[in-house]
Amino acid sequence: MNGVQLWAVQRGTAMILAVAVVVHLVTILVAVRGGLSAAEIIGRTQGSWAWLGFYSVFALAAGLHGAIGLRAIAAEWAGWRGRGFDLAWVAIGLLTAAFGIRAAFGLFGA
Amino acid sequence: MSEASPRLRVRVWRGNAEGGALAEYAVPARANQTVLDVVTHIQREVDPTLAYRFACRVGMCGSCAMVVNGRPRWTCRTHVSRVAKDGALELRPLANLPVIRDLATDMAPFFDKWAKARGSFQPKDAPDGAVPEEFAPGDFAVGDFAVVPPASKQREAADAGIECIGCGVCYAGCDIVAWNPDYLGPAALNRAWTLVNDVRDGGKKDRLAAVAGDAGCHACHSTQSCTAHCPKGIDPSGAIAGLKRGIFWGVR
């Protein structure tokens with residue numbers, strides 16, 4: 001990936017995150033204030049393709065966005081530059097996303 | 001100058017590439033005095049070995065920029081009364097550039113980056129810069145000037161950045177330059193954006209390729225120090241944003 005593509009992905013994921021974070025926070029507030037139990041929450045997420053899709057996209061966007069941002073910070077503050085570090089950041093981004101997607105899938109299949 | 005006349009306490013960084021320290025001078029305070037006047041007084045009346053650089057004294061040449069009380073400024077157009085704190089001034093050479101001696105920095109890296117950003121005009125009709133021999137029918141005649149309406153959108157975008165005097169103030173004030181020595185910096189990128197908007201220029205494709213990536217416009221975090229510091233009121237941060245947009249969408 002070159003700088004232009006990284007920039008485009010960073011902007012694109014930022015737009016997704018702007019919406020997704022709001023939906024995520026509102027969901028948490030509703031669940032907490034409404035007094036939903038764990039069983040009730042799982043009852044809603046289980047088998048729900050909508051929730052699985054939403055949180056998969058959210059996790060992927062967060063993983064990539066975080067990794068690209070950390071890559072810039074590491075390059076500027078620690079001087080970590082070059083292909084090896086770039087590949088490491090791709091791995092870190094995808095791994096972070098995988099954790100989130102795995103959690104979403106866990107609620108889907110629970 | 002009488003004994004009782006008010007004095008400025010001026011601390012000036014003296015040294016070279018190996019290092020240096022602040023030296024203190026007392027300079028007579030005068031009405032409407034500029035920071036460059038203060039430096040000139042020290043060099044002429046107190047210590048002739050002080051190295052600094054200036055030429056026009058009227059804000060045209062971009063030679064006299066220094067760090068004044070922690071902030072990069074053009075010293076010839078900066079009144080002491082506006083920047084002195086309790087009659088004290090601290091003068092250092094421009095940041096982010098190698099020091100030659102005292103207040104004179106080596107501007108070569110700064111201008112090398114202008115060249116890297118393809119900062120020279122590439123005439124569309126005469127790539128080698130020669131006067132065009134012939135034009136297609138309907139075009140302007142030999143020896144005429146290209147007609148560029150001043151109110152056209154692209155010319156206004158070019159005009160927004162064209163008054164840059166290359167003083168290096170934005171470059172010295174930029175955090176990204178400090179963190180990433182390869183970064184082309186605000187002035188070079190502002191120049192590139194100015195030429196991208198010049199309808200007479202034929203070098204857009206090369207130029208946009210030259211300014212893309214981690215050493216180019218995509219390194220900028222839009223913290224806008226350049227825009228805040230520019231003595232000419234230019235907005236390099238906006239120019240860099242323009243380059244990012246232009247590269248993404250494929251400029252015209």
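Which domains does the domain assignment give for chain B? In this predicted model, the assignment divides chain B into domain 1, covering 7–105, and domain 2, covering 108–249. The contact between them draws on 14 residues of domain 1 of chain B and 17 residues of domain 2 of chain B. Taken over C-alpha atoms, the centres of these two domains of chain B are separated by 30 Å.

**The interface within chain B**

Between them, domain 1 and domain 2 of chain B bury about 1200 Å², with 66% of this area on carbon and sulfur atoms. On the side of domain 1 of chain B, the residues that lose the most area to domain 2 of chain B are B:P72, B:W74 and B:N96, which together account for 44% of what that side buries. Across this interface of chain B the rule finds 0 salt bridges, while 4 residue pairs, both members at pLDDT 80 or more, are in polar contact. Strand 4 (residues 71–74) of chain B gives the most to the side of domain 1 that touches domain 2, contributing 4 residues. The classes of the residues on that side of domain 1 of chain B are as follows.

| Class | Residues on the side of domain 1 of chain B |
|---|---|
| Nonpolar | 9 residues |
| Polar | 3 residues |

**Confidence in chain A**

The average pLDDT of chain A is 93, and 99% of the residues score at least 70. Within chain A, confidence is lowest in helix 2 (residues 38–45), at a mean of 90, and highest in helix 3 (residues 49–77), at 96.

Note on methods:
Residues are numbered from 1 along each chain as its sequence is written. Chains are lettered from A and ligands numbered from 1 in the order in which they are written. This is a predicted model: local features need pLDDT of at least 70, side-chain atom pairs count only at pLDDT 80 or more; totals for chains, interfaces and linings use all residues. Side-chain values use heavy atoms; hydrogens and water are left out. Domain bounds come from an automatic or database domain assignment. Contact means heavy atoms within 4.5 Å. Buried area is the accessible area (1.4 Å probe) that two parts lose on being put together, summed over both. A salt bridge is a side-chain nitrogen of Lys or Arg within 4 Å of a carboxyl oxygen of Asp or Glu. A polar contact is a pair of N or O atoms within 3.5 Å; within protein, one must be able to donate a hydrogen and the other to accept it, and residues adjacent in sequence count only if both atoms are side-chain atoms. Helices (H or I, at least four residues) and strands (E, at least two) are DSSP runs, numbered from the N terminus. Ala, Val, Leu, Ile, Met, Phe, Trp, Tyr, Cys and Pro count as nonpolar, Asp, Glu, Lys and Arg as charged, and the others, Gly among them, as polar. pLDDT is the predictor's confidence in each residue, from 0 to 100.
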